[in-house]
Amino acid sequence: MELRRNRGTLVLAAICVLGGVTVLAVGGHRVLRTLVALGAVILGGVVLLGALRPFRFVIGPDGLDVRRPGLRGTYRWDQFDALALADGPPVQGRPGTPRLLGVPGAALPPEVRAGARHPLDGRAAVELLDLAQVRQTPDEVADALARYAADRFTDARARTTARLVGVDLDFDFAESLRGYRTERIDELVRRAQAALAHGDAAARQAARAEIEQARATGLPVALRGYALREVDLALDALCAALADPAATDRETAP
């Protein structure tokens, strides 16, 4: 399966460049207007340059063929200890665009640097692809990875986790003037969700222990954080689900 680049930003970038050049040509000598026009030209040019650079991402029976900025090569499936499709950093409390992460195996070239973490067990991982860059849907990419990478692949997106567990775990926390720090809560919830959907009894016990330890030591509070009451109820529900013996018998993702 060859993924096609999403060129949705190309038109907007071209408009920025064209508009900036037009303002510079006919806009007179006002300093503010000139600075705004220059900024539009530079920003649009940078986006255009990135959109026109070579791109190739193929998911096949033998592995991945990748040609994108920052990563180039052909990688066999056995060069990864694990692969996961995980939600990106949250945007206004909602999961971000999914990313494909790979945990390097011993055979992976050393120049491929790990700068992310596996959503289930926290192992160092390489960000192979941000799915915002491609036209295919996350479900289409997940299907191809499950077909070719088999047991190495885990679909750890929040909505997939909720479907596997059979309950609504896709929490949508409201923000308050003073609440729990969003990054820490997102991390705890994400690991608990992944353990429920894909982990064994030990993984669920570890996720529950992490939540309990974080609450015992005090969850960090910040301005514009998640509403305290909503988070407390969600963490209670997650701990109860993680402690449920019936969770041991739930079917996990392929």
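Analyst: Strands of a sheet pair through backbone hydrogen bonds, either parallel or antiparallel. Here an open sheet of 4 strands has the order 1-2-3-4, with antiparallel pairing. Its edge strands, strand 1 (2–3) and strand 4 (71–76), each pair on one side only. Strands (E, at least two residues) and helices (H or I, at least four) are DSSP runs, numbered from the N terminus; two strands pair if DSSP finds at least two bridges between them. The model is predicted: local features need pLDDT of at least 70, side-chain atom pairs count only at pLDDT 80 or more, and totals for chains, interfaces and linings use all residues. Residues are numbered from 1 along each chain as its sequence is written, and side-chain values use heavy atoms, with hydrogens and water left out.

User: How many bridges join strand 2 to strand 3?

Analyst: Strand 2 (residues 56–59) and strand 3 (residues 63–68) run antiparallel and are joined by 4 bridges. Ile59 has Leu64 in strand 3 as its bridge partner.

User: Is helix 5 mostly covered or mostly open?

Analyst: Buried means under 20% relative accessible area, exposed over 50%, and partly exposed in between (1.4 Å probe, protein chains only). Helix 5 is mostly covered, as 12 of its 17 residues are buried. Among them are Ile185, Leu188, Val189 and Leu196.

User: Where does Leu38 lie, and is this residue buried or partly exposed?

Analyst: Leu38 lies in helix 2 (residues 31–52). The residue is partly exposed because its relative accessible area is 39%.
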